[in-house]
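Student: Hi! Could we look at this model together?
Tutor: Happy to, let's bring it up.

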Amino acid sequence: MKKEKTDKANQNDFSSEMLQFIEQSPTCFHATKNIKNLLCEKGFSELSEQNPWKIKHGERYFVTRGDSSIIAFALPQKCNGGFAIVASHTDSPALKIKEGGEKNELGVCRLNVEKYGGLLLSPWFDRPLSVAGRVAIRSKNGKIEMRLADIRRPLALIPSLAIHFDRNANDGKKIDFQNEMLPVFSEEGERSILDAISEHLKIKKTDILATDLFVYNAERGFFWGAQNEFLSSPRLDDLECAWTTLQGFLDSIVTLEEMQNIPVYATFDNEEVGSMTRQGADSTFLSETLERISISLKKNREEHFCALARSFLVSADNAHALHPAHAHLFDPVNRPLVNKGIVAKLNAAQKYTTDSISLALFKDFCQKAAVPLQIFTNNSNVAGGSTLGNISQTHVSVRSIDVGLPQWAMHSPLESAGAKDPIFMKRATEAFFKADEFPLD
């Protein structure tokens, strides 16, 4: 009994740290900055894509692109294997503020927003909302400077229409996004969103040249359930995987003497909108980074291709947990549950990269780490989603598997999951990075 209590405490402490990271990462820019800060604390050196790389064995490095994607790697003493890669994404569905900012009419100022990603719209009503993002400003020396902003308090809200005006509200209705989803921000003509941002950054409003601002759910993550066995938070998809795999990556490289493969940790932006950006998984970011590692280690093109053939990619993006009210929409056999471990995702139409070889290898990693593994397949009558695994494969074609942690309410502003599962992903990731080789075809 004492060991069970200790395990539970460790699980919830770990999950609590994850919730703190998510709270401090309201946008992809903040998530990347927080990952970068943690890497620097652990002794990683930053590289620039604009300059030649001088890297050496036994050291740790990272490189960013677009302020919203980051790739970190460590160089073992030998590097005789391939690349061991874990990839996730930093972005989440949100309301993006359009240029022009707001709409003043009928006594109030509302933020003029558009959809970013496939949002579940109805849960956005009647929630405390805030604003965060990236701002381009004219600095004192006349140059353009990028700054991050996060108001970090309830700043706006989308009020529901009272049922007295819509007696059929509970019978289902189509939401008119352009009209109904604009958050109320202030009284008409009193304040603009740039007023709030300039005051927060302590700059003149006229110094703001451009913005990438998002409206986000200002609620903090929390534990719930009879024994605090569940948790809820904004942006679990996919910051839960981004943080847990980062912890597994960092713990696996405490010592590099015995490692054969080059461990690579990657997080990409724009997965929720198709990844077709210079910092997305459908870019050259990963392929160029891996090639530059090989070049810097004096490997020729043939040796680089050999290393890729020995490589393995784990695409970590959250999975659907069996919903207790909608079980008929799930596969009758493969039905992942929260708090029962990592989920491997398979699909005959190849929306996921998992095959029998990659699944067998990943099962072995999980068994060595004493981590439970579940299977997700779609109900054959229900079309499923996709993730970044197949997209990245078009640029870096290596053996790959798609996995995630089970969650409810994916793409809601408040998603829910199991409090026990995060540490499972950390342990499996650590075991993966420590593997000597990936016996492939």
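Student: How do the residues of the lining of the second largest pocket divide into nonpolar, polar and charged?
Tutor: They divide into eight nonpolar, four polar and four charged. Here Ala, Val, Leu, Ile, Met, Phe, Trp, Tyr, Cys and Pro count as nonpolar, Asp, Glu, Lys and Arg as charged, and the others, Gly among them, as polar. Bear in mind that this is a predicted model: local features need pLDDT of at least 70, side-chain atom pairs count only at pLDDT 80 or more, and totals for chains, interfaces and linings use all residues. Residues are numbered from 1 along each chain as its sequence is written, and side-chain values use heavy atoms, with hydrogens and water left out.

Student: Which residues lie nearest the centre of that second largest pocket?
Tutor: Phe 125, Pro 159, Ser 160, Leu 161 and Glu 180, out of 16 lining residues. A pocket is an open set of points on a 1 Å grid over the protein atoms alone, where a 1.4 Å probe fits, with protein on both sides within 12 Å along at least five of seven lines; lining residues have an atom within 4 Å of a point.

Student: And how much space lies in the largest pocket?
Tutor: About 620 Å³. Its lining has 33 residues, and the closest to the centre are His 320, Phe 376, Gly 384, Gly 385 and Met 410. Strand 15 (319–320) and strand 19 (406–408) each supply at least two lining residues. Strands are DSSP runs of E, at least two residues long, and helices are runs of H or I, at least four, numbered from the N terminus.

Student: New topic: which residues of helix 2 are buried?
Tutor: Cys 28, Phe 29, His 30, Ala 31, Thr 32, Ile 35 and Leu 39 are buried, meaning under 20% relative accessible area with a 1.4 Å probe, protein chains only.

Student: Why should helix 2 span 20 Å?
Tutor: Because its 14 residues (28–41) are taken at 1.5 Å a residue; the end C-alpha atoms are 20 Å apart, which agrees. The expected span is 1.5 Å times one less than the number of residues.

Student: What about strand 10, how many of its residues are buried?
Tutor: Seven of its 10 residues (208–217). Strand 10 pairs in the antiparallel sense with strand 7 (residues 129–138) over nine bridges, and Arg 134 has Asp 212 as its bridge partner. Two strands pair if DSSP finds at least two bridges between them.

How values were computed
Grid points are joined across faces, edges and corners, and a volume is the space filled by probe spheres set on the points. Buried means under 20% relative accessible area, exposed over 50%, partly exposed in between (1.4 Å probe, protein chains only).
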